[in-house]
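Work through the exercises below with the structure open beside you. Try each task before you read its solution.

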Amino acid sequence: MAAPDHLFNLRNHFYLGAYQAAINNSNLPNLSPDDAIERDSIVYRSYIALGSYQLVVSEIDSSAPTPLQAVKLLALYLSDPSSKESTIASLHEWLSDPAIGNNPTLRLIAGIIFMHEQDYNEALKHTNAGGTMELHALNVQIFLKMHRSDYAERQLRVMQQTDEDHTLTQLANAWLNLAVGGSKIQEAYLIFQDFSEKYSMTSLILNGRAVCCMHMGNFDEAETLLLEALNKDAKDPETLANLVVCSLHLGKPTSRFLSQLKLSHPDHLLVKRISAAEENFDRAVQSVV
């Protein structure tokens, strides 16, 4: 009989965006040394997701095991844009070290950082071999960013063969369905609906349902879901970005949501696209004048 998975609930909290719940429910007894390291990795990644970068940097010291050092590197990367180059240099150095370079958490963090850098080929160098459900799920995200839904579907099939009911398999299925569009949108909606019935509601689940609603033209329902998500986290970048798009379709003002997004997440893709459009418009006006 398989041993009980002591980290099952903790992982699910993290995967579905219930970061504070993951932190609050992390005091688990009788963990093996490997499980204790994974538990700590999930807790520190939850703190990173909540923006508490300095806590992670200060608590993980140089004697910590490789997975925790990798998580610390992610916190450093996200907390200080001016030190990105040195952080990425350290990452390359660790990845080339035969003793630790193949560590799954280190490869996962490498994939996350290079995906942030939009260097998808470099990300795939370290994630494509898979080995964990998180690595496969990250591969799905990377391939979708590259507009290669065919490769994303192959990764999803591997995940389904490993564990069709796994939360990450279901999430990856929803992401792929959203990318493919058409009749698949309804399937994605049902996955997020199922999550909302099984687990506590999070911004991630609410945004997933809202994006499906927008694809299906149900902007009023999407707005209701997004405002609920905003109540849970007023600074969540995806909620704010989706509210901008939803409000445009409803003919409602977007300036407040867009201002919040610009202030809290100036590097967000939507902010960059709008800024580029404004610059192009200004140039066009000047050329006419």
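**Exercise 1. Describe how helices α13 and α14 pack.**

Solution. Start with the axes. Helix α13 (residues 203-215) and helix α14 (residues 219-232) have axes that come within 8 Å and cross at roughly 165°. Axes are lines fitted to C-alpha atoms, for helices over the stretch in contact, with angles from 0 to 180 degrees between N-to-C directions. Helices here are DSSP runs (H or I, at least four residues), numbered from the N terminus.

Next, name the arrangement. α13 and α14 are therefore roughly antiparallel, a label for angles over 145 degrees. Their crossing is left-handed: the near helix is turned anticlockwise from the far one by less than a right angle.

Now list the contacts (heavy atoms within 4.5 Å). Residues of α13 that meet α14 include Leu 206, Ala 210 and Met 214. On the α14 side, Phe 219, Leu 225 and Ala 229 are among them. By class, this contact has nine nonpolar, two polar and four charged residues. Ala, Val, Leu, Ile, Met, Phe, Trp, Tyr, Cys and Pro count as nonpolar, Asp, Glu, Lys and Arg as charged, and the others, Gly among them, as polar.

This is a predicted model: local features need pLDDT of at least 70, side-chain atom pairs count only at pLDDT 80 or more, and totals for chains, interfaces and linings use all residues. Residues are numbered from 1 along each chain as its sequence is written, and side-chain values use heavy atoms, leaving out hydrogens and water.

**Exercise 2. Is Gly 111 buried or exposed, and what does Gly 111 touch?**

Solution. First, find Gly 111 in helix α7 (residues 104-116). Its relative accessible area is 0%, so Gly 111 is buried. Buried means under 20%, exposed over 50%, and partly exposed in between (1.4 Å probe, protein chains only).

Then look for partners. Leaving aside residues up to four places away in sequence, Gly 111 touches Ala 123, Thr 127 and Leu 138. Leu 138 sits 27 residues away along the chain, yet the two C-alpha atoms are separated by 7.4 Å.

**Exercise 3. How many residues of α9 are buried, and what covers them?**

Solution. Helix α9 (residues 133-145) has 13 residues. Eleven of the 13 are buried. Leu 138 is one of these. The cover includes α1 (8-15), α3 (33-49), α7 and α8 (120-127).

**Exercise 4. Which residue with a positive phi follows α9?**

Solution. His 147 follows α9, with phi near 60°. His 147 lies in the loop between α9 and α10. Its relative accessible area is 71%, so His 147 is exposed. Most residues other than glycine have a negative phi.

Note on methods:
Helices (H or I, at least four residues) and strands (E, at least two) are DSSP runs, numbered from the N terminus. Angles under 35 degrees count as roughly parallel, over 145 as roughly antiparallel, 65 to 115 as roughly perpendicular and the rest as oblique. The expected span of a helix is 1.5 Å times one less than its number of residues.
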